[in-house]
Amino acid sequence: MADSAKCSHCSATNENILHALRDCPHSLEIWMRLGMCQHVEFFTTDYVLWLCRFARSDLAVLFLFVVWWIWRWRNEMVLGDGGWSPQTLLMKIRGDVAAQ
Ligand SMILES: [Zn+2]
């Protein structure tokens, strides 16, 4: 995360861990394109329960790769050369999942 409390992707005023990994519209696009948002509890839990529940589910491998790559994506935007497109991020995620 950047020095400011604003989200580096969408400029939301309160960037927290759940916003960064799940609720930011840019992160949400990735979750939606991978079909992870179909679970009712996906958006109704705090971040500890969200991480624990999905990291232990039958979707754990995909879930953990998405969390990891969204975090890297955000860091790349703040610290790197401006970040990747959503399509590039999806290719990285799908490549890692296929290699498992
Ligand atoms: Zn955001």
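## Annotated transmembrane region

An unreviewed UniProt entry lists residues 48-71 under "transmembrane region". In this predicted model, that span is 83% helix and 0% strand.

## Overall fold and dimensions

The chain contains 5 helices and 0 strands, and its order along the sequence reads α-α-α-α-α. The radius of gyration is 13 Å, close to the 13 Å that the globule rule gives for 100 residues, so the chain is as compact as a globular protein of that length. Taken along the principal axes, the C-alpha atoms fill a box of roughly 35 × 30 × 20 Å.

Of the 100 residues in the chain, 19% are buried. When contacts between residues at least 6 apart in sequence are considered, 46% of them join residues at least 24 apart.

## The nonpolar core

The largest nonpolar core comprises 15 residues. Those with the most contacts inside it are Ile30, Val66, Trp69, Ile70, Trp73, Leu89 and Ile93. Helix 4 makes the greatest contribution, with 5 residues.

Leaving aside residues up to four places away in sequence, Val66 touches Ile30, Trp31, Leu34, Met36 and Ile93. Two of these partners, Ile30 and Ile93, are also listed among the core residues with the most contacts. In soluble globular proteins, nonpolar side chains tend to be buried together.

## Serine 11

Serine 11 lies in the segment before helix 1. Its phi is near 65°, a positive value in a residue other than glycine. Serine 11 is exposed because 9 other C-beta atoms lie within 10 Å, and the limit for an exposed residue is 12 or fewer.

## Confidence of the model

The mean pLDDT of the chain is 89, and 97% of the residues score at least 70. Helix 3 has the lowest confidence, with a mean of 92, whereas helix 5 has the highest, at 96. Where pLDDT is low, the predicted coordinates should not be read in detail.

Note on methods:
Residues numbered from 1 in each chain as written. Predicted model: local features only at pLDDT ≥ 70, side-chain atom pairs only at ≥ 80, totals over all residues. Core = buried A, V, L, I, M, F, W, Y, C linked by C-beta atoms within 7 Å. Buried ≥ 20, exposed ≤ 12 C-beta atoms within 10 Å, placed from the backbone. Helix = DSSP H or I, 4+ residues; strand = E, 2+ residues; numbered from the N terminus. Contact = placed C-beta atoms within 7 Å. UniProt positions renumbered as here; feature names shortened; annotations may be inferred. pLDDT = per-residue confidence, 0-100. Rg over C-alpha atoms; globule rule 2.2 N^0.38 Å.
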